[in-house]
Structures are given as structure tokens and as C-alpha cells.
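Let's take a walk through this structure together, one piece at a time. Keep the model open beside you and turn it as you read.

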Amino acid sequence: MSVTSEASTTWKGSLFEGSGEVALESSNQGPYAVNWKARSEGSESITTPEELIAAAHSSCYSMALSNALAENGTPPESIETTASVTFVPGTGITGSHLNVNAVVPGLDAADFSRLADAAKVGCPVSAALAGIEITLEATLA
């Protein structure tokens, strides 16, 4: 069974002076404001396409790592993942850095590192982002 997720954006005006709203249609969340200034300069109150990609990447990676750990016979107590997606105006999205901290009883650091790297490759969002550099910093608590 396939699942299709939907989001929509309404944009008004030019790229530099205009603004829009993103709605997550499948989950009925939002709307969230978007504009070029936030995308190119950063903002604490307006989202960006890169922040939405970071949300997708961090959640997908956490799911992939949880599955890999469970299949290894060492299910996690907790996983905290932050994805930092970099955007350079005029260039585009240049990378995603995953920073993960996990509590996994009965697992040594070497096995955790191996499984964390495998989850990075196996995460479907990582596969969708294959055109950019994806880095990983994984810590076993």
C-alpha cells in the first residue's frame, strides 16, 4: 500500500517582495508563513523550505535508526535527531547534517556507529537528498 502526503503553498507577489503560506494538507497542520527574506537571511518566526526538509530528514532518520536498532535486537529507549539543512542563495541546498543522540541499552559504541551509518543510507529521505552531502554525528548516551 502506498501513501501519498500533500502540502500546498499559496504565494503572492514577486520572489523578493512577496510571501506565502504553506499548509500540510495530509495532517491538516499549518498554515506556516514563508518568504525569501527568511530563506536567505534566517528567521525565528517564519519557516523555510529547508526547515521543512530538515523536519522530514530528522524524523525519517530517527525512524530508520529505530528500526535498525530493533532488528539488531537492541531497541532504543530514545533517539533525538536534529537535521541542519544548509541553503546558499544563488547556489541552493548544499547539505544536511544529522546530529543524533540515542539511549540504547546493551549496545557498544562501535555497533552503534555502524548501525547509525547504515540508517543514514537506508533512510528514504536521505535517498531523496542524494544530490547533496549528508553528514552524521552520532552519540550513544
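How many disulfides does a search of the whole structure find? The count is zero, where a disulfide is a pair of cysteine sulfur atoms within 2.5 Å.

A word on the ground rules. This is a predicted model, in which local features need pLDDT of at least 70 and side-chain atom pairs count only at pLDDT 80 or more, while totals for chains, interfaces and linings use all residues. Residues are numbered from 1 along each chain as its sequence is written, and side-chain values use heavy atoms, with hydrogens and water left out.

Now start with the strands. Strand S1 (residues 8-12) pairs with strand S2 (residues 19-24) in the antiparallel sense, over five bridges. Strands and helices are DSSP runs numbered from the N terminus, with at least two residues (E) for a strand and at least four (H or I) for a helix; two strands pair if DSSP finds at least two bridges between them. Lys12 has Ser19 of S2 as its bridge partner. S1 and S2 make a hairpin with six residues between them, and Gly13 in its turn has a positive phi of about 95°.

Follow the chain onward and S2 pairs again, this time with strand S3 (residues 29-35), antiparallel and over five bridges. Ser19 turns up here as well, with Asn35 of S3 as its bridge partner. The hairpin of S2 and S3 has four residues between the strands. Look in that loop for Asn28, a residue other than glycine whose phi is positive, near 55°. Most residues other than glycine have a negative phi, and most peptide bonds are trans. Asn28 is exposed, with a relative accessible area of 67%. There is a cis peptide bond to find as well: the one from Gly30 to Pro31, with omega near 10°. Pro31 belongs to strand S3.

Next, move to the loop between H1 and H2, where you will find Thr47. Thr47 is buried, at 10% relative accessibility. Its side chain makes a polar contact with the side chain of Glu51, at 2.4 Å. (A polar contact is a pair of N or O atoms within 3.5 Å; within protein, one must be able to donate a hydrogen and the other to accept it, and residues adjacent in sequence count only if both atoms are side-chain atoms.) Setting aside neighbours within four places in sequence, Thr47 is in contact (heavy atoms within 4.5 Å) with residues including Tyr32, Val34 and Leu52.

Which residue pairs with Arg39 in a salt bridge? The partner is Glu50, and the closest N and O atoms are 2.6 Å apart. Arg39 lies in helix H1 (residues 36-41) and Glu50 in helix H2, so this pair ties together parts that are eleven residues apart in sequence. Arg39 is partly exposed at 28%, whereas Glu50 is buried at 4%. The count of salt bridges comes to two, each being a side-chain nitrogen of Lys or Arg within 4 Å of a carboxyl oxygen of Asp or Glu. Asp111 and Arg114 form another, with the closest N and O atoms 3.5 Å apart. These two are three residues apart in helix H3, and so are separated by about one helical turn.

Finally, turn to the largest nonpolar core, which has 22 residues; Tyr61, Leu65, Leu69, Val104, Leu107 and Phe112 touch the most other members. Helix H2 (49-71), strand S4 (78-88), strand S5 (92-103) and helix H3 (109-122) each supply at least two of its residues, and the largest share, seven residues, comes from H2. A nonpolar core is a set of buried Ala, Val, Leu, Ile, Met, Phe, Trp, Tyr and Cys residues joined through side-chain atoms within 4.5 Å. In soluble globular proteins, nonpolar side chains tend to be buried together. Not counting residues up to four places away in sequence, Val104 touches Leu69, Thr74, Pro75, Pro76, Phe112 and Leu140.

Definitions and conventions:
Buried means under 20% relative accessible area, exposed over 50%, partly exposed in between (1.4 Å probe, protein chains only).
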